[in-house]
Structure formats: C-alpha cells, structure tokens
Amino acid sequence: EDAAVASQLIEACCLQQGIRREQLTLHADHGSAMTSKTLAELLIDLGVARSHSRPRVSDDNPYSEANFKTVKYRPGFPDHFGPIQEARGYFRGLFHWYNHEHRHAGIGLLTPEDVHYGRTQEVIARRQSVLSGAFAAHPDRFRRPPVPPAVPAEVWINRPGTGLLPVAPPTTS
C-alpha cells in the first residue's frame, strides 16, 4: 500500500506493454495507494482511465473473483505454503499457466496472451479450419456446422455511463 511503488509499477507496465493513451482502464479498490493523488496524476499523464470498486464492497470485481476461484480449485493447489520462496515459485508457474495456457470461457476460450497480442483472429481461423474438416469428414456427428466460441467485442467491469454496478463477464456455454 504505497502510492509511489504503485505508480512506478503501473508506469513501468504501461511502457513495457506499449499502452497508448485512452487504451487502458485500471480497475482498483479504494486502498490508499490506488486513490492517492500521486497515482491519479500519473494515470492522467499516461492517459489511463480509472475505475474503482464500490466503497465497502470487497467482492466488486468479477474478474478477480473468477481468478480466485480458478486458482483455488486448480489441481495441485497446496493446502498451505512454507517459506515465501515456495509461494512465489508456485504463483510464478500459476501466472504463466493462467496467462499463456489456460483458455478462458469469457474470452472465447482464448488465452489472455492471445487477446493481448492480437492473435484472436489467427487462433479462431485455425479452430474453424479444424472444425470444418471434422464436419466434412463426419457430418452425421453434427446437427449443424460447428463454429468456435464467439469473442466479445468489449468486456467491462464498470461500463461507462451505467453507474458503478459491475457487469458480469460474458460466458460461453
């Protein structure tokens, strides 16, 4: 909970990832670091919009809540951690899996990495090719030609102009 450290981290991430002005909205709680003047001024300078949870509502971020559930119920999650190095090692691997391997239902069964780096159309085209080949080879196994899950055009936590009530992430059945 340090405004200067939070500001340094956010600025470094924006620079490293090539975040352009008006491209990013940062959603946070009402902690002192996230509501500080230091961070507010930095976000204005970077062109990053701010979004905050409702006051005194600890579970107001559906994305974080979904992430916690994924982590907690993932096979191999330990009952407890020993030294801090053990926890860091476990979560380093978990974050890699979550961002680079895990397919998320709310983003069309893509990985966050695919979406972040603009590979969604390439991945969907490959999936459609496989599905079309399966349909051509065995049309009797399908009711209709299969298509990959849709990718939402936009995903919001707090949609601008609708107040502070969170919008649940889209689901794909």
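Mentor: Start with burial. A residue is buried under 20% relative accessible area, exposed over 50%, and partly exposed in between, using a 1.4 Å probe and protein chains only. Here, 24% of the 173 residues in the protein chain are buried. This is a predicted model: local features need pLDDT of at least 70, side-chain atom pairs count only at pLDDT 80 or more, and totals for chains, interfaces and linings use all residues. Residues are numbered from 1 along each chain as its sequence is written, and side-chain values use heavy atoms, with hydrogens and water left out.

Trainee: What average pLDDT does the protein chain have?

Mentor: pLDDT is the predictor's confidence in each residue, from 0 to 100. The protein chain averages 85, and 87% of the residues score at least 70.

Trainee: Where is confidence lowest, and where is it highest?

Mentor: First, the elements. Helices (H or I, at least four residues) and strands (E, at least two) are DSSP runs, numbered from the N terminus. Confidence is lowest in helix α3 (residues 62-73), with a mean of 80. Helix α6 (residues 120-137) has the highest, at 97.

Trainee: Over which residues does pLDDT stay under 50?

Mentor: Residues 164-173. A contact means heavy atoms within 4.5 Å. The model has 26 contacts beyond four places in sequence for that stretch. Where pLDDT is low, the predicted coordinates should not be read in detail.

Trainee: How many helices and strands does the protein chain have?

Mentor: Six helices and two strands. Along the sequence, the pattern runs α-β-α-β-α-α-α-α.

Trainee: What share of the contacts join residues at least 24 apart?

Mentor: Take contacts in the protein chain between residues at least 6 apart in sequence. Of these, 49% join residues at least 24 apart.

Trainee: Can you show me one residue with such partners?

Mentor: Ile10 counts as buried because its relative accessible area is 12%. Beyond its neighbours within four places in sequence, Ile10 is in contact with Leu26, Leu39, Leu43 and Leu46. Ile10 and Leu39 are 29 residues apart in sequence, and their C-alpha atoms are 8.8 Å apart.

Trainee: How many cavities of 30 Å³ or more does a search of the whole structure find?

Mentor: Get the idea first. On a 1 Å grid over the protein atoms alone, a cavity is a set of points where a 1.4 Å probe fits but cannot get out; lining residues have an atom within 4 Å of a point. Grid points are joined across faces, edges and corners, and a volume is the space filled by probe spheres set on the points. The search finds one cavity of 30 Å³ or more. The volume of the largest cavity is about 30 Å³.

Trainee: Which residues line the largest cavity?

Mentor: Leu26, Ala28, Met34, Leu39, Leu43, Arg50 and His52. Now sort by type. Ala, Val, Leu, Ile, Met, Phe, Trp, Tyr, Cys and Pro count as nonpolar, Asp, Glu, Lys and Arg as charged, and the others, Gly among them, as polar. The lining divides into five nonpolar, one polar and one charged.

Trainee: Is Lys37 buried or exposed?

Mentor: Lys37 sits in helix α2. Lys37 is exposed, because its relative accessible area is 64%. Lys37 and Ala3 lie 34 residues apart in sequence and 8.3 Å apart in space, C-alpha to C-alpha.

Trainee: Why does Asp114 count as buried?

Mentor: Asp114 is in helix α5 (residues 112-116). Asp114 has 10% relative accessibility, so it counts as buried. Not counting residues up to four places away in sequence, Asp114 touches Arg119, Thr120 and Val123.

Trainee: What about loops? Where does Glu22 lie?

Mentor: Glu22 lies in the loop between α1 (3-17) and β1. Its phi is near 65 degrees, a positive value in a residue other than glycine. Glu22 counts as exposed because its relative accessibility is 69%.

Trainee: And what is phi of Leu109 near?

Mentor: Phi of Leu109 is near 60 degrees, also a positive value in a residue other than glycine. Leu109 lies in the loop between α4 (84-100) and α5. At 34% relative accessibility, Leu109 counts as partly exposed.

Trainee: Which residues is Gln23 in contact with?

Mentor: Gly18 and Gly47, leaving aside neighbours of Gln23 within four places in sequence. Gln23 is found in the loop between α1 and β1. Gln23 counts as partly exposed, at 40% relative accessibility.

Notes: 1 Å grid on protein atoms, 1.4 Å probe; cavity = no way out; pocket = protein on both sides within 12 Å on 5 of 7 lines; lining within 4 Å.
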